[in-house]
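Q: Could you walk me through this structure, one piece at a time? I will ask as I go.

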Amino acid sequence: MPHSELMPIGAFARHSGLTSSALRFYADSGLLPPAETDPVSGYRYYSADQLARATALRRLREIGMPLAAVEAVLGAGAGEAARLVDEHVARVVGDAAAAQQKAAVIKSALGQVPALPIAVLKGPVLADAVEQVLTAAVHEPGMPVLAGLRIEVGHEAVTLTATDRYRLSTRTLVPAEPPGQTWAGTVHGDELRAAAAGIRRSALVRIEAVPHGIWLRAAGGEDRHCRLLSEEFPDYRLMLASLGEVTTRVTVAKEQLLRALEEHPGERIGLHVSDAGVQVVSVSVSVSAEGEDAGIPLQAATTGQELRVWFELTTLYPAVSSAIGPDVMLDLRGEDQPVTIRSADRGDLTTLAMPVRSGGQGQGQGQGQGL
């Protein structure tokens, strides 16, 4: 190939994002040999066709992939390459989690700060509660606390709370042993969720507080450390105290309501509550000749005022699906006020969901004000 169609190593380095020294290393390793090498000067030249491979190589190395794995990815088809990348990322994430756990042990030993026992709970109950309440958490840039779970230990109960500002879930647990003192902290939600699988298999789990974290000590299992988040958790108690009077109450079979939400089209869902029961309607539903929306009717026990209230599906569905028991109770306060969703016969898990302002707004518009 004529030199006029080739790039010297310096130009190729600028185009590919790799340094000249890195290109020499990858050439010597066989991953990216030059298109041509001058036999006299030893200068290396690369073709434009090699840029895609060079860019892929750079990106794979940026995620810490070893050379042997890089070679396998570059030589594989698209599907196999994607699988190999996923396997590598899973190993990195697993190694990072293991390093965090080991680091927590090291810091505890270095600081020699005794752990503070704060609560003893049944493992399966705690695991279920963590997963249920964390359905209201969210990863939002600039607000890491919304991905956390608030743990508050009183003299008689342990309360778990999470919120994404449009939903709030809270559950109160009765400890296996009376807590010796009060304590409160916001725990890293992802780490707590990962720990749930292990603590589920333990009859009792002891929660101990240390600086910047908590330990979950499972009888006969592996101790797990979860970090505390330093940001201030939203003042949800003030919001709960300021809730208006319930004007409409609905009791409906959980599975029946979930099935209606799954089957109905659209991302915005309405609940039309009347003496006849509940209809699940959507923005796109047309009005029939009798003047009633052609929604999905549900058998339900209703009391109070007739009301139509609208939700984003992504707000309402998780709140209903995490409820405990076969029936859910919805306490409504108006079309623009938070709705309380809880089990009809087991009220220790309570979720608040914020409606949207109007079902007639176009899809994709804002959810309205938060909790």
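**Strands, helix and rings**

A: Strand 9 and strand 10 (residues 213-218) pair in the antiparallel sense over 6 bridges, where strands are DSSP runs of E of at least two residues and helices are runs of H or I of at least four, both numbered from the N terminus, and two strands pair if DSSP finds at least two bridges between them. This is a predicted model, in which local features need pLDDT of at least 70 and side-chain atom pairs count only at pLDDT 80 or more, while totals for chains, interfaces and linings use all residues. Residues are numbered from 1 along each chain as its sequence is written, and side-chain values use heavy atoms, with hydrogens and water left out.

Q: OK, and what lies between strand 9 and strand 10?
A: The two strands form a hairpin with 2 residues between them, and H212 in that turn has a positive phi of about 70°. As for the pairing itself, V205 has A218 in strand 10 as its bridge partner.

Q: Which strand 9 residue is the bridge partner of A119?
A: That partner is I207. Strand 4 (residues 116-122) pairs with strand 9 in the antiparallel sense, over 6 bridges.

Q: Why call strand 9 largely enclosed?
A: Because 5 of the 7 residues of strand 9 (residues 204-210) are buried, the rest of the structure largely encloses it; buried means under 20% relative accessible area, exposed means over 50%, and partly exposed is in between (1.4 Å probe, protein chains only).

Q: Switching to helix 7, which residues are buried there?
A: In helix 7 (residues 189-199) the buried residues are G189, E191, L192, A195, A196 and I199. They sit on the same side of helix 7, because they cover an arc of only 155° around the axis, the arc being that of the directions from the helix axis to the C-beta atoms. In general, an α-helix has 3.6 residues a turn, so residues three or four places apart point the same way.

Q: What does the backbone nitrogen of E191 lie 3.3 Å from?
A: It lies that distance from a polar atom of the side chain of H188. H188 itself is in strand 8 (residues 183-188), and H188 touches R227 and L229, leaving aside residues up to four places away in sequence, with contact meaning heavy atoms within 4.5 Å.

Q: New topic: how many aromatic pairs are there?
A: The count comes to 3 aromatic pairs, under a rule by which rings of Phe, Tyr and Trp (its six-membered ring) pair if their centres lie within 6.5 Å, with planes under 30 degrees apart counted as stacked, over 60 as edge-to-face and the rest as tilted. One of them is F12 with Y46, which is stacked at 4.5 Å centre to centre and 10° between the planes. Because F12 lies in helix 1 (residues 9-16) and Y46 in strand 3, this pair ties together parts that are 34 residues apart in sequence.

Q: Are F12 and Y46 buried or exposed?
A: Both F12 and Y46 are buried. Another pair is F25 with Y26, whose ring centres are 5.5 Å apart and whose planes are at 65°, so this pair is edge-to-face. F25 is partly exposed, with a relative accessible area of 42%, whereas Y26 is buried, at 6%.

Notes. A polar contact is a pair of N or O atoms within 3.5 Å; within protein, one must be able to donate a hydrogen and the other to accept it, and residues adjacent in sequence count only if both atoms are side-chain atoms.
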